[in-house]
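Work through the exercises below with the sequence and the structure open. Try each task before reading its solution.

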Amino acid sequence: MRKKEQIKGLTLPELQGLFVTNGHEKFRATQVFNWMYNHKVLSFTDMNNISKDLRATLDEQYSLITLEKVKEQSSLQNGTKKFLFKTQDGFVIESVIIPDNDRTTLCLSTQVGCPLDCKFCATGVMGYKKNLTAGEIFDQYLLAGVNYERPISNVVYMGMGEPLLNYEATVRSLSIFGEELTKGISLKKITVSTAGIAHKIKELADTGLKCKLAFSLHSCFEDTRSLIMPINKKYSLKENVKELRYFAQKTDTRITFEYVMLQGINDRKEDVQAIIKLCRSMPSKVNIIPFNSLAHMNPTGLSAELVPTSKKKIDEFADELRNANLTVMLRDTKGEDIAAACGQLAITGTEV
Ligand code: SAH
């Protein structure tokens, strides 16, 4: 039997093109798009405004299954829920839903593992396995939301992987969110987080997709940043800053600088001053993140030596930034008990 063509992950124009090429009427693509992405159906059988014969034909030709939910785990702390999904080729990925007052944020993955090897991040310790397809990225949103108490209001591309190293699939998934026909979430509620692949930041700005961008800053000093984020040796902070400014201007949004607090490494007086200088150079805000332990990964080298900055010191650090009129958010640690907090996502082989 011929292998079915995967259509989950196609944008509306792509689906229309495919259908027309294969002899279906163009408006059928709109119907299928709607069923797949808005009604979240997992079978052509359920597409009941399409004739039975055509449903059977579509089912023979196309597949719309990409992920299978294999596990859900709820945090006892606050309603944070972690999902494990299995891809058709047998890889396991993680997504997390984080409720917070009026928001319900889904954190989704773009790669299985990550090639960047940031010293403070569990996903880095696990290494890189593969890029997710656009269908696998979008399906995390479709599947995680099912049966959750509240609708997902925001999406952050902050799970496993570096979105801008899986650029094509990331952009395609954003295009599906941004399509007029897609209900639920607009691009304004979506944030892509990057460790800094400078030229891809510019390319993303030029797509015209008006999502938000978060930049994992973690140090304003090139040498320190290179030490904890080896990717900085390839794409320096200086190069990234130029493109971040371009992104902010082009999309008319503020850049979020993410900053994981590491004792003695990036929590000194000179770090405060450098952040203030950087933030004044473009529309931006700072997201201060307490360092979440990597102990569950048994790390070695520098990763094993990293220590979180104390709560008191974090508060003082944030206050100093606020006193300089910066917008500062202090993220609390959510879902640490189920290893679902920032930078804790990694498949250790014992989950399923
Ligand atoms: N590769 C992308 C997206 C994944 S990381 C990026 O680097 O932005 C998402 C966020 O979690 C980043 O800001 C990252 O720096 C942060 N993070 C990673 N490890 C962490 C840890 N151990 N504790 C707290 N935050 C962490």
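Ala, Val, Leu, Ile, Met, Phe, Trp, Tyr, Cys and Pro count as nonpolar, Asp, Glu, Lys and Arg as charged, and the others, Gly among them, as polar. The model used here is predicted.

**Exercise 1.** Sort the lining residues of the second largest pocket into nonpolar, polar and charged.

Solution.
- Step 1: list the lining, which consists of C220, F221, L237, K238, V241, R245, A274, K277, L278 and S281.
- Step 2: apply the classes; the lining divides into six nonpolar, one polar and three charged residues.
- Step 3: note the space in this pocket, about 240 Å³.

**Exercise 2.** Find which helix gives the most residues to this lining.

Solution.
- Step 1: take the helices that each supply at least two lining residues, namely α9 (237-251) and α10 (269-280).
- Step 2: α9 gives the most, with four residues.

**Exercise 3.** Determine which strands stand at the edges of the open sheet, and why one side of each is left without a neighbour.

Solution.
- Step 1: write the order of the 10 strands, β3-β4-β5-β6-β9-β10-β11-β12-β13-β14, with mixed pairing.
- Step 2: β3 (67-74) and β14 (328-330) are the edge strands; each has a single partner strand, so one side of each has no neighbour in the sheet.
- Step 3: on average, neighbouring strands of this sheet are turned by 25° against each other, direction ignored.

**Exercise 4.** State in which sense β13 and β14 pair, parallel or antiparallel.

Solution.
- Step 1: strands of a sheet pair through backbone hydrogen bonds, in one of these two senses.
- Step 2: β13 (residues 284-290) pairs with β14 in the parallel sense, over three bridges.
- Step 3: V286 has V328 in β14 as its bridge partner.

Technical notes
Residues numbered from 1 in each chain as written. Predicted model: local features only at pLDDT ≥ 70, side-chain atom pairs only at ≥ 80, totals over all residues. Heavy atoms only, no water. Pairing = 2+ DSSP bridges. Axes fitted to C-alpha atoms, helices over the stretch in contact; angles between N-to-C directions. 1 Å grid on protein atoms, 1.4 Å probe; cavity = no way out; pocket = protein on both sides within 12 Å on 5 of 7 lines; lining within 4 Å. Points joined across faces, edges and corners; volume = space filled by probe spheres on them.
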